[in-house]
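Trainee: I should like to learn how to read the helices, strands and chain contact of a model. May we begin with the structure in view?

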Amino acid sequence: MRDNQNTLVKLNEAGFRVNNKWLVRGVSLQVEKGKIVTLIGPNGSGKSTTAKIALGIYKKIDGSVERSTDKIGYVPQKISIDWTLPLRVNDFMVLTESISNDLIDEALSLTGVIHLKDKNLGDLSGGEFQRVLLARAISKKPELLVLDEPVQGVDFTGEIALYELIKKISDELNCGILLISHDLHTVMSATDHVVCLNGHVCCSGSPMDVAKNNEYKALFGEQASQILSRYEHKHDHIHTSEGEIKKN
Amino acid sequence: MLDDFFIRALIAGVGVAIVTGPLGCFVIWRRLSYFGDTLSHSALLGVTLAYSMEFNIAFSVFIISSLIALTLIQLQKRTNLPGDALLGLLAHSSLAVGLVVIGFLSFIRFDIMGLLFGDILAVTVDDLLIIWIGGALILLVLKLIWKPLFASTVNYELAEAEGLNPDRAKAIFTILMAAIIAISIKMVGLLLITGMLIIPAAMARNISSSPQKMVIYSIIGGLLSVILGLFSSLEFNTASGPSIIAASLFLFILSLLNIKQSIKLKN
C-alpha cells in the first residue's frame, strides 16, 4: 500500500490480545481521505477490535497504529448508556464537541430524526437511537469516520438511505471512512477497499478482487461472491490454535 | 458580622452547597456514592494526623483522602477482589486506624461527635477562607474537565475514540472528591458528607430533564438544605450535619411528589 499525506489512519501488523488470547492479529490497513474501507468477516473475527485499535481505545497493542487526525467521529457497535443521566438528543449531539445549533439540525435532518431533538435518549427505539448515533458522528464534520455496523436495527428502506448518506458524506466532506458491515451487497457497491477478517486478514483489495478470492469464498460461501446475491454466512472451516485454517 | 458563629456557619454552608451540587451529580451519574463514603471515612485518619502534627485539618484530610483514592485505584488493578469489597476494606480499616490513633492522642481532647456529625460552632474565619477559595478552585477545575468527564460518563469509548482523554479526567475528578470532603468536613461531619453530595443531586434528578438543569437544581437543593438545616439546628439545638441532611431528605421527598406531575406533563 502506498503511504502518502492523505492517509488518516494506518495500522501496521496490529494485534490485540486479552489474557493471552488473540482477538485479532497481524492487521495492516490504511484509510485515506475520501475513501471507504470496509471490514467484513464472521462474528468474533475481530472487526470491532480492529476498529478500536484504529481509534486508540485499545492501547496495549502489538504492531503499531498511526493516526494523523484527531477530528474523529465514532459510531460504536454496542453502546450502553446509563439512564441515571437525564440526557436529551440535543445534549448527546454536543457530547464530545460543542457544535452550532445549525450543524446539529443539519445532521439530525440528514439521518431523518430532527423531530426527536428534544426527546430523552432513553425514550428512543433502537433504530431511532442508531440514527442519532450516526448524526452525532457526522455533525462535527470529522476527517475520519469509524462506523461499526451503523445501520443495525434500522428499517429496510432506512438502511439503504443511510448507506447512500454515508457514501455522500464521504464524497462531500472528503473524509475517510472505516466501515464495519454485515451487508455484503452494500459493501460491494459503495466501498473502495475491502478487508476480510477472520482473526487475521484473510484477504483484502477492491470489492471485485475480494469477491473472486478463494479465501473469501471459503469464508462467506460461493453465493456471496456473486455480488448481488443475498448474504448467507457458511462457516465451513475452523481455525486451529496455530492460526491455520482447516476445512470441516 | 463574621463574629457571629451562625453567620459564619451560613456562609460556610452556602460555599459547600455550591460545590457539592455539581460534584454530587457526577457522584450519582458515575455511581460513586460508596467511593465517597470510603474517602470520607478515611478523613478521620486525616483529622487525627492533623491534630497530632498540629497541621491544618482540611489540608491533612485532603492529602489522606487522595492517598486512599490512589491506593484504591492501585488495588483495583492488582487484585482480583471486587470493587465494593475494596471500598469496604479501605473505608473501615482507615476509620479503625484513625480511631486507634485517637486513642494514642490522649493528651488532646477530641470532640468526636463534632467530627462525625459536623459542628457549626467550630467554623472559624480561616475555615471560611478554605471553603470559599478551595471551593472556587474545585469548581474551576471541574469546569475545565467537564467535557471529557461528562462524555466518558455517558460512554467511555466514545470519549476515548474522539480524543478526550477520559482517564485523566477521572483521575482529576478523584482528587476533586478528596478536596470537597476536606473542605466540608466541619460543616456536615465525616459520616454525612456523602449524603450532602448525593441527596440534593438525587432530588434534582427527580425533577430535571437535562444534565445542566440537574446541576442547577442540585445546587439550589443544597442551598435550601443548608439554610433550612442550619436554622433548625439553631432552633432545636441539634448537630448541624444531621440537620442539613434531614432537610435535604425533606426536599427529596417533596421532589418525589413532583414526579407524578411531571409524568402527566410529558404525556
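This is a predicted model: local features need pLDDT of at least 70, side-chain atom pairs count only at pLDDT 80 or more; totals for chains, interfaces and linings use all residues.

Trainee: What is the strand order of the open sheet of six strands in chain A?

Mentor: Strands of a sheet pair through backbone hydrogen bonds, either parallel or antiparallel. Helices (H or I, at least four residues) and strands (E, at least two) are DSSP runs numbered from the N terminus, and two strands pair if DSSP finds at least two bridges between them. Here the order is β5-β6-β7-β3-β8-β9 of chain A, with mixed pairing. β5 and β9 (201-205) of chain A stand at the edges with a single partner strand each, so one side of each has no neighbour in the sheet. From one strand to the next, the twist averages 10°; axes are lines fitted to C-alpha atoms, for helices over the stretch in contact, and angles run from 0 to 180 degrees between N-to-C directions.

Trainee: Which strands pair with β6(A), and over how many bridges?

Mentor: β5 (residues 72-75) of chain A runs parallel to β6(A) over four bridges, and Tyr74(A) has Val146(A) as its bridge partner. β7 (residues 176-180) of chain A is also parallel to β6(A), joined by five bridges, with Ile180(A) opposite Asp148(A).

Trainee: Which way do the residues of β6(A) point, and are they buried or exposed?

Mentor: In a regular strand the side chains alternate between the two faces of the sheet. In β6(A), Leu144(A), Val146(A) and Asp148(A) point one way, Leu145(A) and Leu147(A) point the other way, and all are buried. A residue is buried if 20 or more other C-beta atoms, placed from the backbone, lie within 10 Å of its own.

Trainee: What is the order of the three-stranded open sheet in chain A?

Mentor: The order is β2-β1-β4, with antiparallel pairing. Neighbouring strands of this sheet are turned by 15° against each other on average, direction ignored. β1 (residues 7-18) and β2 of chain A share eight bridges, and Ala14(A) is partnered by Val27(A).

Trainee: How does the length of helix α3 (residues 57-78) of chain B agree with expectation?

Mentor: The expected span is 1.5 Å times one less than the number of residues. The 22 residues of α3(B) should span 32 Å, and the end C-alpha atoms are 31 Å apart, which agrees. Its buried residues include Ile57(B), Phe62(B) and Leu72(B).

Trainee: How many residues does each chain give to the contact?

Mentor: Two residues are in contact if their C-beta atoms, placed from the backbone, lie within 7 Å. Chain B gives 20 residues and chain A gives 19 residues. On the side of chain B that touches chain A, α7(B) supplies the largest share, five residues.

Terms used:
Residues are numbered from 1 along each chain as its sequence is written. Chains are lettered from A and ligands numbered from 1 in the order in which they are written. A residue is buried if 20 or more other C-beta atoms lie within 10 Å of its own, exposed if 12 or fewer, and partly exposed in between; C-beta atoms are placed from the backbone.
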